[in-house]
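Visitor: Could you take me on a close look at the place where the ligand sits? I would enjoy one connected tour of that part.

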Amino acid sequence: MSNPWIDELWRAGIIAAVALLLGLVFGQPWLWLLLAVSAYLGWHLRNLARLVEWLRVGRRFHPPESSGIWDEVFQQIYRLQQRNRQRKRKLGSMLNRFQQATAAMPDATVVLTPGDEIEWWNQAAERLLGLSYPRDTGQRISNLLRHPAFVEYLARGDYAQPLEMPSPADEHVGLSIRIVPYGNNQRLLIARDISRIQRLEQMRRDFVANVSHELRTPLTVLAGYLETLDGDAEEADGDWRHALPVLRQQTERMQRIVEDLLMLSRLETDSGQGGQEPVSVPAMLAVICDDARRLSDDKRHEVLLEADPELWLRGNDHELRSLFSNLIFNAVRYTPAGGRIRVRWYQEGGQAVCAVSDTGIGIAPQHIPRLTERFYRIDVGRSRQSGGTGLGLAIVKHVLLRHQGELGIQSEPGKGSTFSARFPAGRVVRVAGQARAAE
Ligand code: ADP
């Protein structure tokens, strides 16, 4: 392909040469040259005007016919436009395919603007969230999903954990809602139907509660008979004399497991938030520490209590007692004879803390994250021997959850452990001296 610039230079040169020649023949060569340059400039201006007109009118038309450098300019712009158009078509079809895929997803997907207005949603969102087109376009999402838990979740800005709530379209449908920030301050709301999982979870809870409940009565009967037989153990012959204490021990163990399982299912099913009555934790800890000394018995642990006497807690008396007893009795059970157990109850940065430290066997770091799982024991033999059910820390976790608290575990194998239960400042009650005296 010839270079358009060379053609153009040729054209300008020829025009100048012809003008000069005519000027020499007819006289006044400068005038002829001026005329020729003006005509050449006029041609350029005309092409520029055609270019502007072509761009203004629209890109759909073919470029105007021209020659030389202008033809090149028109063709290049035309090619650029064609390429752009192709890219746009490709992007458009990609976007279409993406939208079709999202629309077909079983999870509800809603695109939110930075101001939390609804921009786009798929079909599942109509079914699960009750959105309707075009009524809800541009509406704020919190106007449509009014559940207080959702409004708080949206405002909190921390979306690491999904939120579970009933569907606004059908309260029997449970949803797991997640918000994913993306792009320029935009957010994607994704809602999944988790009714099936919730139903299974409910079935599991009911099953455990029913089994525990059914086992309770026969075990009580068994324990009662064993107790009456206990008096005769002395007179019983060899085999029975050995068997009776074992039977009693094992029945007591089963009773403890059943009681703990029932406590756990109550904690799981009762939707209340751990109660609000003011509880005298210092008095409660004093009683539990006395029990701990009794449990320690001939192991002669040193049980120390340092409690802030004015620090009370708003919560559920029964649940808190279970929480503290589990922590303190564990310390006794997993600390060798003569060890020291220190129970502290104090306020730190507004929060109330119960820290139970022992000089016991300690826990290796890999076990710590799993300790609150049901029946998770590091040493099954030791746990059983010391009368553990494997459910104590699971109960602790649930009670804390219901009191918006959290459990901290620090431990070093062979040196000892510190279990600390932290309660939020909102649950702290400060009682003055007189109130205590009246107690
Ligand atoms: P268990 O009834 O077996 O004590 P828990 O749920 O109370 O069940 O505790 C789970 C496991 O955590 C225990 O089996 C034990 O291995 C470990 N553990 C709990 N408290 C302590 C402690 N103070 N020191 C060492 N290990 C502990």
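Guide: Gladly. The ligand sits in the largest pocket; sitting there means that more than half of its atoms lie within 2 Å of the pocket's grid points. A pocket here is an open set of points on a 1 Å grid over the protein atoms alone, where a 1.4 Å probe fits and protein lies on both sides within 12 Å along at least five of seven lines; lining residues have an atom within 4 Å of a point. This is a predicted model, in which local features need pLDDT of at least 70 and side-chain atom pairs count only at pLDDT 80 or more, while totals for chains, interfaces and linings use all residues. Residues are numbered from 1 along each chain as its sequence is written, and side-chain values use heavy atoms, with hydrogens and water left out.

Let's start at the ligand itself. There are 21 residues around the ligand, and Asn330, Tyr334, Ser383, Gly390 and Leu393 come nearest; to count, a residue needs a heavy atom within 4 Å of the ligand. Some polar contacts (pairs of N or O atoms within 3.5 Å) can be picked out. Ser383 places a polar side-chain atom 2.6 Å from an oxygen atom of the ligand, and Asn330 has a polar side-chain atom 2.8 Å from a ligand oxygen.

The largest share of the shell, three residues, belongs to α10. By class, the shell holds 10 nonpolar, eight polar and three charged residues. In this scheme Ala, Val, Leu, Ile, Met, Phe, Trp, Tyr, Cys and Pro are nonpolar, Asp, Glu, Lys and Arg are charged, and the others, Gly among them, are polar.

Now step back to the pocket as a whole. Its volume is about 1100 Å³, meaning the space filled by probe spheres set on the grid points, which are joined across faces, edges and corners. The lining of this largest pocket has 47 residues, and Phe329, Asn330, Arg333, Tyr334 and Gly388 lie nearest the centre. Asn330 and Tyr334 are also listed among the residues that come nearest the ligand. At least two lining residues each come from α8 (238-269), α9 (281-296), α10, α11 (380-385), α12 and β12. Here too α10 gives the largest share, with 10 residues of the lining. The lining divides into 16 nonpolar, 16 polar and 15 charged residues.

One more stop: the second largest pocket holds about 920 Å³ of space. Its lining has 22 residues, with Glu164, Arg205, Glu268, His398 and Leu401 nearest its centre. Elements giving at least two residues each to that lining are α7 (195-230), α8 and α12.

Terms used
Polar contact = N/O pair within 3.5 Å; in protein donor to acceptor, adjacent residues only side chain to side chain. Helix = DSSP H or I, 4+ residues; strand = E, 2+ residues; numbered from the N terminus.
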